[in-house]
Number of protein chains: 2
Amino acid sequence: MGTRLKLVVAYDGAPFAGWQSQKNGQAVQDHLERAFAVVLGEKIRVHGAGRTDAGVHARGQTAHVELPRHSLDPMQWVAALNTSLDSRIRVLRCRYMPSSFHARFSARGKTYRYRIWNDRILPPLEVGRAWQIARPLHLGTMVAEADAFVGRHDFSSFTANRGQVEQDTHRKIDAVQVRQRGRCITVEVSGEGFLYKMVRLMVGALVRVGWEPARVGEISLRLREPERASANSRLVAPADGLILIRVRY
Amino acid sequence: MGTRLKLVVAYDGAPFAGWQSQKNGQAVQDHLERAFAVVLGEKIRVHGAGRTDAGVHARGQTAHVELPRHSLDPMQWVAALNTSLDSRIRVLRCRYMPSSFHARFSARGKTYRYRIWNDRILPPLEVGRAWQIARPLHLGTMVAEADAFVGRHDFSSFTANRGQVEQDTHRKIDAVQVRQRGRCITVEVSGEGFLYKMVRLMVGALVRVGWEPARVGEISLRLREPERASANSRLVAPADGLILIRVRY
């Protein structure tokens, strides 16, 4: 049997330093690598489908490892890893995959959900889990404007520079759904791939339109003429309202 | 205008030492009294409708204060208190009341909700907010058995001794509703008043019946013949699944 193990992982973003391994050892990747070391007696690398920033939550982050030898059954891996992990990180399921499987390069798409709490007061149990917006948001305008994102566009005005140059900034978005339930507005975005901070900048743009419906059309303009979009007009939604829901393969 | 102010307060139970003032100053009452001191420049006492244990959450805890003088409007009080409070405690609303109003003695009833997560794995965002039960629970039996609580009964086998003697242990329960949504089972209990740990012992008894439907009738028996109920048969649901939803006046 195989030695390449796929993991689906959920975590609370608040207590960790994001997905990617950090010197302080407090990233989710560090915690998973220590849990594997406990079981295997040696350190192996955990490869994630993508990085999530500090504060961002996951319900279905996906990763793979190349095991030194076939050892436990998938169910046993789930139990063994969860036993040594902090309770704010859970391995939901494991599965052996062909060695061609790669959590990042085999991914065909991702879905993120963003939570906005539209009220004067943020309930205590929503702290760290939603972006509080006190000003009333016009839902209909946000729903209509969200459609502008669907399709393949140049998202260069919806990313923060992380120092890379000449990266292709075109991405294909499959769906953006804006829904309201009580005081909570959720924005769910599915796409083939995402640039750095892209979902948070998309949500920021939708919130601006929700504040001022007169801005309708601004998103289409930023997608058509990204070089004309001023960096000052960008609103980045905070990390802690964001959840990585699933990675598709 | 009046000087007796009623407050409706929500809090995350996890970071605090319960409702009632503690030497370490980390109870919710301590935080509220410090917030009043910041605004008034002097310390006043905050009277709660009831104590909640460490870990228990609130959406609608109620309290009152006797102000040294009429000062701010209710809306201003909400804003002023929330400005100095930890974000995991929020004053939702304030209202001036006649001086006969007392948060505890005027209360006519309370509603609590308990959250059970019935799955092998507790999602990270549910840590501290639900009681994880891995064994399957039989919902129909729990729903049926919950009815046994409704009415006025001697709840002496559904309380933990807090050192009081000769306390009347009869209480009237108005409704107990057990509902399931996905993996989450909620138990909502409304009643005139509750003994110490009563809701958590009621939920513990419902979970035992959910595990072993053959125990049907055990709750009625414990209510009819409390002196025969063995302390060993008691299961106390953990604090962190409990939420005080509202206090009725």
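**Reading the interface between chain B and chain A**

Biologist: How many residue pairs are in polar contact across the interface of chain B and chain A?

Modeller: Across that interface the rule finds two residue pairs in polar contact, both at pLDDT 80 or more. A polar contact is a pair of N or O atoms within 3.5 Å; within protein, one must be able to donate a hydrogen and the other to accept it, and residues adjacent in sequence count only if both atoms are side-chain atoms. This is a predicted model, in which local features need pLDDT of at least 70, side-chain atom pairs count only at pLDDT 80 or more, and totals for chains, interfaces and linings use all residues. Residues are numbered from 1 along each chain as its sequence is written, chains are lettered from A in the order in which they are written, and side-chain values use heavy atoms, with hydrogens and water left out.

Biologist: How many salt bridges are counted between chain B and chain A?

Modeller: A salt bridge is a side-chain nitrogen of Lys or Arg within 4 Å of a carboxyl oxygen of Asp or Glu. Between chain B and chain A the count is zero, while over all chains it comes to 28. One salt bridge joins the side chains of A:Asp53 and A:Arg200 (3.2 Å, N to O). A:Asp53 lies in the loop between strands S2 (47–48) and S3 (57–66) of chain A, and A:Arg200 in helix H4 (residues 198–211), 147 residues apart.

Biologist: How much area do chain B and chain A bury between them?

Modeller: Buried area is the accessible area (1.4 Å probe) that two parts lose on being put together, summed over both. Here about 1700 Å² is buried, 67% of it on carbon and sulfur atoms. In chain B, B:Ile121, B:Pro124 and B:Leu125 lose the most area to chain A, together 37% of what that side buries.

Biologist: Which rotation superposes chain B on chain A?

Modeller: Copies are superposed by least squares on the C-alpha atoms of residues with pLDDT of at least 70 in both. The rotation is 180 degrees, with 0.0 Å of shift along its axis (RMSD 0.0 Å). That is the relation of a two-fold axis.

Technical notes
Helices (H or I, at least four residues) and strands (E, at least two) are DSSP runs, numbered from the N terminus.
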